[in-house]
Amino acid sequence: MKRLWWSSIVMIAVMLVSQSWGFYGHRRINRMAVFTLPPEMVGFYKKNIEFVTAHAVDPDKRRYASKNEAPRHYIDIDHYAKAGGNPFDIMPRYWFDAVEKFTEDTLQAYGIVPWHVARMTNWLTKAFESRDVNRILSTSADIGHYIADAHVPLHTTENYNGQLTDQKGIHGLWESRIPELTADEYDYLVGRAEYIDKPIHAIWDVVEESHSYLDSVFFIEKDLTQKIPSDQKYAFETRGKSTVRQYSQQFALAYTNRMGDMVEGRMRKAIVMIGCIWYTAWVNAGQPDLDNIGEVNEEQLAKEQKEAEDAYQKKQIKGRNHDQ
Ligand SMILES: [Zn+2]
């Protein structure tokens, strides 16, 4: 009985940390991105702000429905530099060059987030071109999710949850626990969306910057673990009807203090980048008039999304669950 109780705690903890940026963070990031847009776009997105907010987490839910979904959220770029060297020099930035060098199976196995963002930027352009409101909004919400994921350092490494360095749980600590504790105090005046000439290069730059933070992400956790007594590192907290073990508030706050404004900074950059990509797709589509484009067909969308929701409720991830 005792063992059952423990395993259910672990299960719940795993489910809680398996959302990138947490549902809370993703929703806030998509929502704030609306306010970076130019006057020709902001009216339409404000009108649909509840939609892009609520659907910011659809890609995480889809991971329970499709095995193709998981690799879109990350890239374990360090996998490609096992023999030394800079993985960003080793990996070609364009998809077809990368497939030729490493095969598509390998790329899928270690994650494809930068290429997926670039591909979705084209999908969003097509949605604007065909003035398909449902597609515009659902693609905007989705792409916001993947761009936000690319800003998380732990989405760029094989050691994505500290499992290789005895720091298990660090993923949820960085991207869920800390935003939940501190995101209300962040500065959300992030600037205006700008046109991006080559989205694939911009998103690779994001991944490279994310990756550069990893040394601090791991080192500070290790250092604090030595300084904070082990019985104060974790805490049991009640969430709804469940009790979960997670990093204590004391540890999480000490950790984010030591990291400076890293989490806030990545969140702010994600918000601007999402605005830039929405704006770029709209410009590339010839700047269609969004003020008279029509309404979202919720009924049609609901039908499309029911399958993903059903699978999510069953909680069975297909493919690798990157975050746990
Ligand atoms: Zn994700």
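**Close-up views of the predicted model**

View 1. Angles of 65 to 115 degrees count as roughly perpendicular, under 35 as roughly parallel, over 145 as roughly antiparallel and the rest as oblique. Axes are lines fitted to C-alpha atoms, for helices over the stretch in contact, and angles run from 0 to 180 degrees between N-to-C directions. Helix 2 contributes Gly22, Tyr24 and Gly25 to the contact, and helix 11 contributes Glu175, Ser176, Pro179 and Glu180. Two residues are in contact if their C-beta atoms, placed from the backbone, lie within 7 Å. By class, the residues of this contact are 2 nonpolar, 3 polar and 2 charged (nonpolar: Ala, Val, Leu, Ile, Met, Phe, Trp, Tyr, Cys and Pro; charged: Asp, Glu, Lys and Arg; polar: the others, Gly among them). The model is predicted: local features need pLDDT of at least 70, side-chain atom pairs count only at pLDDT 80 or more, and totals for chains, interfaces and linings use all residues. Residues are numbered from 1 along each chain as its sequence is written.

**View 2. Helix 11 also packs against helix 15 (residues 249-258), at an angle of about 95°.** The two axes are 10 Å apart, and helix 11 and helix 15 are therefore roughly perpendicular to each other. On helix 11 the contact involves Leu173, Arg177, Ile178, Leu181 and Thr182; on helix 15 it involves Gln249, Ala252, Leu253, Tyr255 and Thr256. This contact between helix 11 and helix 15 has 6 nonpolar, 3 polar and 1 charged residues.

**View 3. The protein has 17 helices and 2 strands.** Helices (H or I, at least four residues) and strands (E, at least two) are DSSP runs, numbered from the N terminus. Of its 324 residues, 39% count as buried. A residue is buried if 20 or more other C-beta atoms lie within 10 Å of its own, exposed if 12 or fewer, and partly exposed in between, with C-beta atoms placed from the backbone. Among contacts between residues at least 6 apart in sequence, 80% join residues at least 24 apart.

**View 4. The largest nonpolar core has 65 residues.** A nonpolar core is a set of buried Ala, Val, Leu, Ile, Met, Phe, Trp, Tyr and Cys residues joined through C-beta atoms within 7 Å. Ile29, Val117, Ile147 and Ile274 have the most contacts inside this core. Helix 16 supplies its largest share, 12 residues. Apart from neighbours within four places in sequence, Ile274 is in contact with Ile29, Asn30, Ala33, Gly144 and Ile147. In soluble globular proteins, nonpolar side chains tend to be buried together.

**View 5. Helix 9 (residues 113-129) packs against several other helices through its buried residues.** These partners are helix 7 (95-102), helix 10 (133-150), helix 12 (199-212) and helix 16 (262-284). The buried residues of helix 9 are Val113, Pro114, Trp115, His116, Val117, Ala118, Met120, Thr121, Leu124, Ala127 and Phe128. The 17 residues of helix 9 should span 24 Å at 1.5 Å a residue, and the end C-alpha atoms are 24 Å apart, which agrees. The expected span is 1.5 Å times one less than the number of residues. Arg131, which follows helix 9, has a positive phi near 50°.

**View 6. Pro153 is in the loop between helix 10 and helix 11.** Pro153 counts as buried, with 24 C-beta neighbours inside 10 Å. Its C-alpha atom is 4.3 Å from that of Ser210, 57 residues away in sequence. Leaving aside neighbours within four places in sequence, the contacts of Pro153 are Ser210, His211, Tyr213, Leu214 and Val217.

**View 7. Gln287 and Leu290 lie in the loop between helix 16 and helix 17.** Gln287, not a glycine, has a positive phi of about 55° and is partly exposed, with 13 other C-beta atoms within 10 Å. Leu290 counts as buried, with 21 C-beta neighbours inside 10 Å. Beyond neighbours within four places in sequence, Leu290 is in contact with Glu40, Met41, Gly43 and Phe44. The C-alpha atoms of Leu290 and Phe128 are 8.9 Å apart.
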